[in-house]
Amino acid sequence: MAKKKAALGQGLDALFGDNTVEDTGGAQTLRMSDIEPNRGQPRQHFDEAAITDLADSIRQHGLIQPIVVRPMESGGYQIVAGERRWRACRMLGMTEVPAVIREFTDFETAQIALIENIQREDLNPIEEAAAYRTLMDEYSMTQEQLSKAVGKSRSAIANSVRLLNLPEPVIEMLKKREISTGQAKALAAADSDEKMIELAKEAAAGKLTVRGIEKLLSKSGDGVSEEGGSSKKDKAAEKAQKQNINFVTEMQISLENHLGKKVRINTHDGEKGTISIDFYSQDELSELADKLTMY
């Protein structure tokens with residue numbers, strides 16, 4: 001088992017070799033009715049056009065790469081990797097499919113599903129962020145462990161998870177890719193949900209770039225002097241403000257990771273401000289109080 005977990009940290013290629021039947025330990029033919037998708041699958045949206053194209057390829061060439069499943073205690077099998085292929089086979093009306101059966105824990109299944117989708121760039125930014133959050137919350141993975149597992153930097157993962165704190169309308173725009181991840185990250189610096197939504201709508205309409213959002217949210221504006229150039233004083237102020245914003249952002253990420261809750265730090269100068277923490281029940285409030293008073 002230790003060897004398998006080490007392979008997970010190196011990606012799917014290390015786990016499944018070159019994905020041939022021999023390297024995956026041999027495939028068996030299973031009934032489609034005995035296989036169910038993984039409800040914890042990070043990807044919630046499947047492009048029907050892409051599935052149709054895959055189905056056409058399978059019709060012409062057959063299913064070259066078997067899906068990977070694990071046996072369930074209740075009977076039958078759950079998909080670990082290859083749900084797109086399974087959906088395409090179902091679209092074709094196939095009653096049987098070649099599959100490799102492996103023993104995987106819930107944690108290993110969640111990790112493999114995340115790695116598979118990230119490597120193939122199948123997740124939208126919110127699905128990716130939610131998958132990271134699940135692995136951290138339910139399986140106690142650290143950002144450092146996630147970094148090694150998916151081949152991304154710790155800061156990239158931290159910034160990804162922060163997207164989940166955006167207002168719901170902005171999250172929906174990001175899911176539909178009406179705004180970019182860069183624009184969403186820039187919007188997160190706004191001091192209110194209303195401001196984020198307002199700017200997100202302008203960005204979705206093509207009126208604001210990432211830099212445009214940053215300028216609007218910057219207290220110093222463009223930092224342009226009357227002569228049309230940026231003065232040394234303006235540049236120094238802009239640099240100091242950027243450092244303050246970065247510091248506050250890191251503190252917010254740290255608090256969110258420690259508390260497991262949505263945290264917002266409101267400040268105009270990086271020196272004074274307020275911190276708000278969301279909770280939805282007395283039990284959650286009590287849990288927060290315990291964490292905040294822990295020495």
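Begin with helix H3 (residues 48-61), where Arg59 and Asp56 stand three residues apart and are therefore separated by about one helical turn; helices are DSSP runs of H or I with at least four residues, strands are runs of E with at least two, and both are numbered from the N terminus. The two side chains form a salt bridge with the closest N and O atoms 2.8 Å apart, the term meaning a side-chain nitrogen of Lys or Arg within 4 Å of a carboxyl oxygen of Asp or Glu. Arg59 is exposed, at 56% relative accessible area, while Asp56 is partly exposed at 29% (buried is under 20%, exposed over 50%, partly exposed in between, with a 1.4 Å probe and protein chains only).

This is a predicted model, in which local features need pLDDT of at least 70 and side-chain atom pairs count only at pLDDT 80 or more, whereas totals for chains, interfaces and linings use all residues. Residues are numbered from 1 along each chain as its sequence is written, and side-chain values use heavy atoms, without hydrogens and water.

Next, select Arg70 and Asp106, whose side chains meet in a salt bridge of 2.8 Å, N to O. This pair links distant parts of the chain, 36 residues apart: Arg70 lies in strand E3 (residues 67-71) and Asp106 in helix H5 (residues 106-119). Arg70 is buried at 9% relative accessibility, and Asp106 is partly exposed at 47%.

Then move to helix H4 (residues 83-91), whose buried residues are Glu83, Arg85, Trp86, Ala88 and Cys89. After H4 comes Gly93, with a positive phi near 80°.

Finally, display the whole protein chain, which has 14 helices and seven strands.
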